[in-house]
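Visitor: I'd like to learn how to read a structure like this one. Could you take me through it feature by feature?

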Amino acid sequence: MRWLGIALVFVAAATMIAGVADLPVHGTPDAPIHRHVGARYLEHGVAETGMRNMVTAVLLVYRGFDTFLEVVVIFTALVAVLALPRGAGKAGPARVVSPSGSTAAATSDADAVGPQQADVPVSPVVFFVVRLLAPFIAIFALASLYRGHITPGGGFQSAAIFGALFIALALVFGRERAARLVPVPARVWLQALGPVLFALVAFVGWCLTGAFLGYPADAAAHAVREAMVVTLEVGIAVGGAVILAQLFMAMEG
Amino acid sequence: MVLFGLDLDYAACVVLFCLGLYMLVAKSNLIKKVLGLNVMETAVFAFIVTAGMVEGGDPPILVAGTSPPYASPIPHAMVLTGIVVAVSVTAVALALIVQIHAHYGTIEVDELKELP
């Protein structure tokens, strides 16, 4: 089995190296990736979308459907994780009828260590550092959302930072106290905020322009366009952060 | 950097991808398989982003003080999509592994195969 794996890896490596060898050297300005639609976005993007960050423009305007379904994908992942039965494993090891009884016993011993490890008190250094840094991390996440159209950043980045902050807090203060940050009734709606706001903005765009997820093009509607984009970014950031936090909370063994 | 007609940055991505592939097929621990999958995904993202950069270029954020050439914005948007999908796959896989461990007490594939 091991040698089969190594052979498979070498065959895959040879195939990919052969494919990569034909590509233009990366960084050459006249490579196909810089000539076709990418060049057009860079040329007309600011005028057409009013955004300075072209990655955000591609994400929310030119390829808005892609991002819509991307938000739906991570929401679906949360639904799938939440649909699995919780706490089903309490009587689990008793059901193991394994011929190799010794290894099964060893793994259940290792399993018994798990909950005790969670009770080990957190080091005061970690406790202090997380408490000290938490507000700054939160401000960084907000800034990355608020300044996302002119600096690197945006909704997804902000969601990742918020989610990481939540996980750090949950590890230091315990899951129960961290879970109180987002009460259950709010959680139910906030976890669906991304798809819901996307659908709302898409419908508004449909009413205004006749195209699903369309943006009004004339210069007078600049404020409307801005509001639509900000709504999408907030939906992605808040919804994504809550989904990441929920996924972490659902991983309880 | 090009060596023997091969772009070394692309070749590095291929090597990283193959490391992940080996982890995926050769390891019996399910967590390690998921880690291998993540390494493969990272290799693909690195490859796509590398393809979008341009020599001496600025990031595609068209504010004062930047000038052409700009890196292509499309690979960045694509990779953002890919990262979200990777996170979703990892989350569902880990949740299933938790379930497997709860039901059978092991996450080693060769031990799971021996179960009746």
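**A walk through the two chains**

Guide: Let's begin with one atom pair: the backbone nitrogen of Ile31(B) lies 2.9 Å from a polar atom of the Asn29(B) side chain. A polar contact is a pair of N or O atoms within 3.5 Å; within protein, one must be able to donate a hydrogen and the other to accept it, and residues adjacent in sequence count only if both atoms are side-chain atoms. Before we go on, this is a predicted model: local features need pLDDT of at least 70, side-chain atom pairs count only at pLDDT 80 or more, and totals for chains, interfaces and linings use all residues. Residues are numbered from 1 along each chain as its sequence is written, chains are lettered from A and ligands numbered from 1 in the order in which they are written, and side-chain values use heavy atoms, with hydrogens and water left out.

Visitor: Where is Asn29(B) found, and is Asn29(B) buried or exposed?

Guide: Look in the loop between helix 1 and helix 2 of chain B. For burial, the general idea is a cut-off on relative accessible area: buried means under 20%, exposed over 50%, and partly exposed in between (1.4 Å probe, protein chains only). Asn29(B) counts as buried because its relative accessible area is 16%. Leaving out residues up to four places away in sequence, Asn29(B) touches Ile107(B) and Glu108(B); contact means heavy atoms within 4.5 Å.

Visitor: What does Leu112(B) touch?

Guide: With residues up to four places away in sequence not counted, Leu112(B) touches Leu30(B), Ile100(B), Tyr104(B) and Thr106(B). Leu112(B) is in helix 4 of chain B, and its 22% relative accessible area makes it partly exposed. From Leu112(B) to Ile100(B), twelve residues along the chain, the C-alpha atoms are 9.2 Å apart.

Visitor: And which loop holds Gly56(B)?

Guide: Gly56(B) is in the loop between helix 2 and helix 3 of chain B. Its relative accessibility is 69%, so Gly56(B) counts as exposed.

Visitor: Now chain A. How many helices and strands are there in chain A?

Guide: Twelve helices and zero strands. Helices (H or I, at least four residues) and strands (E, at least two) are DSSP runs, numbered from the N terminus. Of the 253 residues in chain A, 36% are buried. Take the contacts in chain A between residues at least 6 apart in sequence: 64% of them join residues at least 24 apart.

Visitor: How should I read the surface of chain A?

Guide: Accessible areas come from the Shrake-Rupley method with a 1.4 Å probe; for residues, only the protein chains shown count as cover. For chain A the accessible surface is about 14100 Å², 71% of it belonging to carbon and sulfur atoms. There's also a nonpolar surface patch made by Val125(A), Phe128(A), Val129(A), Leu132(A), Leu133(A) and Phe136(A), with about 590 Å² of accessible area together. Patches are made of residues with over 30% relative accessible area and no salt bridge: like charges are joined within 9 Å, nonpolar side chains (Val, Leu, Ile, Met, Phe, Trp, Tyr) within 5 Å. A salt bridge is a side-chain nitrogen of Lys or Arg within 4 Å of a carboxyl oxygen of Asp or Glu.

Visitor: Why does Phe136(A) count as exposed?

Guide: Because its relative accessibility is 55%. Phe136(A) sits in helix 7 (residues 124-146) of chain A. Ser144(A) is in helix 7 too, but Ser144(A) is buried, with a relative accessible area of 9%. Among the residues that Ser144(A) touches, not counting those up to four places away in sequence, are Gly153(A), Gln157(A) and Ile161(A).

Visitor: Which residue has a positive phi although it is not a glycine?

Guide: Most residues other than glycine have a negative phi. Leu213(A) has a positive one, about 60 degrees. Find Leu213(A) in the loop between helix 11 (193-209) and helix 12 (222-250) of chain A; it is buried, at 7% relative accessibility.

Visitor: Last one: how do I read the interface of chain B and chain A?

Guide: Buried area is the accessible area (1.4 Å probe) that two parts lose on being put together, summed over both. Here it is about 5000 Å², with 75% on carbon and sulfur atoms. Helix 3 of chain B gives the most to the side of chain B that touches chain A, with 23 residues.
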